[in-house]
Amino acid sequence: MYVVDSKGGAVACMLLALLFLGTWPAILTLLERRGRLPQHTYLDYTVTNLLAAIIIAFTFGEFGHSNDDMPNFLDQLSQNNWPSVLFAMASGIVLSLGNLLTQYAWAFVGLSVTNVICSSINVLIGTTLNYFLDDKINKAEILFSGVACFLIAVCLGSLVHASNAKDIQAKLDKPKGLIGNESNTSSGNKAKAGTAEFLIEIESQREIKVFGKSTLIGLTICFVAGVCFSLFSPAFNLATNDQWHTLDDSVPHLSVYTAFFYFSCSCFVIAIILNITLLYRPAFNLPRSSIRAYLNDWDGRGWAFLAGFLCGFGNGLQFMGGQAAGYAAADAVQAIPLVCTFWGVLLFGEYHNSSRRTYVLLAGMLSMFVVAVGLLVASSGHRKQ
């Protein structure tokens with residue numbers, strides 16, 4: 001079994017996880033804006049998300065020799081470690097619920113603000129829990145300064161959303177003649193990003209219709225998803241380190257790879273159940289679908305598969321780094337909004353032609369994230385293996 005046993009290796013895992021975990025939401029958002037049902041996309045994503053965990057388990061989890069203290073993946077499957085397995089599966093369930101909710105939050109609130117709110121709540125609650133579960137191996141004064149920056153970021157994120165919503169409404173309230181003139185400034189028939197016609201074009205293509213909906217819907221979804229996200233890392237921490245001493249003394253702790261396998265299995269099962277239910281009983285006035293319609297929908301399937309791989313490998317790398325440097329420090333990957341905002345501006349035209357107030361708030365929000373990530377990484381400790 002391969003073990004990350006250095007602070008440098010742990011930081012490398014965190015940074016690579018940050019790139020992966022910040023990119024897959026952009027892919028799912030792109031597919032929704034192109035008109036693909038989110039239930040279809042999430043079912044595809046779920047398959048490769050599980051496959052990524054299986055690949056990690058049979059490579060890193062089987063690398064090298066196995067012994068009684070550090071058994072390989074296959075050896076642990078037959079051991080009496082069910083209390084830890086249940087923690088790992090509970091972790092997967094709450095993460096799956098959070099991911100499912102954010103699918104809809106991205107449509108209502110936007111990619112960057114959704115991830116700011118979710119990530120900040122995750123850090124505020126989850127990092128605090130992990131700090132105490134990890135026997136305070138992280139530097140508290142640095143760690144909680146970073147947590148405070150995340151808290152400021154979530155407040156700024158809410159203000160960014162409110163300001164941007166006013167900007168969008170102001171664009172839509174323009175006289176039709178002015179809206180038409182805006183579109184003429186773009187090349188061909190494609191509307192220019194940030195214009196009213198661009199927003200109307202997106203609304204006509206996408207499956208989740210958001211015009212006229214209360215902003216509180218999106219913010220409420222974000223906060224509920226954030227609470228779900230805040231619980232998955234502490235539960236996984238309990239699965240791999242058994243701080244509550246639920247295992248017999250003769251049973252070794254679950255390895256990261258074994259715990260990640262059970263974690264991903266529960267993610268897969270809950271996602272399949274919920275999304276098949278949503279095919280026939282859709283939320284937010286989405287059209288009804290069916291398993292047959294899903295199987296025949298190949299438009300964007302490759303992108304959804306890619307998103308699942310990115311999320312699966314990103315989660316695995318986060319857990320590998322957390323096991324080495326402390327799960328509280330590994331919450332630095334919650335700087336996902338830095339990556340998501342880049343994709344939001346580049347791919348979706350978010351914040352184009354917005355007001356000066358929105359730009360100032362956005363800059364403040366992202367600055368808080370940069371500072372927070374630096375502080376969380378600097379607080380990294382070293383777990384005794």
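Let's start with one residue. Ser-119 is found in helix α5, which covers residues 111-133. Keep in mind that this is a predicted model. Is Ser-119 buried or exposed? Its relative accessibility is 3%, so Ser-119 counts as buried, because the cut-off for buried is under 20%. And what does Ser-119 touch, once we leave aside neighbours within four places in sequence? Its contacts are Phe-150, Gln-334, Ile-336, Pro-337 and Phe-369.

Now step back to the whole protein. How many helices and strands are there? The protein has 15 helices and zero strands. It has 385 residues, and 56% of them are buried. Next, the contacts. Take those between residues at least 6 apart in sequence. Of these, 84% join residues at least 24 apart.

Leu-279 and His-40 are 239 residues apart along the chain. Yet their C-alpha atoms are separated by 8.1 Å.

Take Leu-279 first. Leu-279 lies in helix α10, residues 256-280. Its relative accessibility is 0%, so Leu-279 counts as buried.

Now the partner. His-40 sits in helix α2. His-40 is buried too, with a relative accessible area of 4%. Which residues does His-40 touch, not counting those up to four places away in sequence? The list is Leu-279, Ser-289, Ser-290, Ala-293, Tyr-294 and Asp-297. Look at Ser-289 and Ser-290.

Helix α2 runs over residues 38-59. Its axis and that of α4 come within 11 Å and cross at roughly 145 degrees. The crossing is right-handed. From α2, the contact uses Pro-38, Gln-39, Tyr-42 and Tyr-45. From α4, it uses Ser-96, Asn-99, Leu-100, Gln-103 and Tyr-104. By class, that gives five nonpolar, four polar and no charged residues.

Helix α4 has another partner, α1. Helix α1 spans residues 7-33, and helix α4 spans residues 82-109. Their axes come within 10 Å and cross at roughly 55 degrees. That angle makes α1 oblique to α4. This crossing is right-handed as well. Which residues meet here? On the α1 side we find Trp-24, Pro-25, Leu-28, Thr-29 and Glu-32. On the α4 side we find Asn-99, Gln-103, Trp-106 and Ala-107. By class, this contact has five nonpolar, three polar and one charged residues. Notice Asn-99 and Gln-103 of α4. They take part in the contact with α1, and they take part in the contact with α2.

Leave aside neighbours within four places in sequence. Then Trp-24 is in contact with Tyr-45, Asn-99, Trp-106, Ala-307, Leu-310 and Cys-311.

That brings us to the core. In soluble globular proteins, nonpolar side chains tend to be buried together. How many residues are in the largest nonpolar core here? It has 93. Those with the most contacts inside it are Trp-24, Phe-236, Phe-263 and Phe-319. The largest share of this core comes from α1, with eleven residues.

Note on methods. Residues are numbered from 1 along each chain as its sequence is written. This is a predicted model: local features need pLDDT of at least 70, side-chain atom pairs count only at pLDDT 80 or more; totals for chains, interfaces and linings use all residues. Side-chain values use heavy atoms; hydrogens and water are left out. Axes are lines fitted to C-alpha atoms, for helices over the stretch in contact, and angles run from 0 to 180 degrees between N-to-C directions. Helices (H or I, at least four residues) and strands (E, at least two) are DSSP runs, numbered from the N terminus. Angles under 35 degrees count as roughly parallel, over 145 as roughly antiparallel, 65 to 115 as roughly perpendicular and the rest as oblique. A crossing is left-handed if the near helix is turned anticlockwise from the far one by less than a right angle, and right-handed if clockwise. Contact means heavy atoms within 4.5 Å. Ala, Val, Leu, Ile, Met, Phe, Trp, Tyr, Cys and Pro count as nonpolar, Asp, Glu, Lys and Arg as charged, and the others, Gly among them, as polar. A nonpolar core is a set of buried Ala, Val, Leu, Ile, Met, Phe, Trp, Tyr and Cys residues joined through side-chain atoms within 4.5 Å. Buried means under 20% relative accessible area, exposed over 50%, partly exposed in between (1.4 Å probe, protein chains only).
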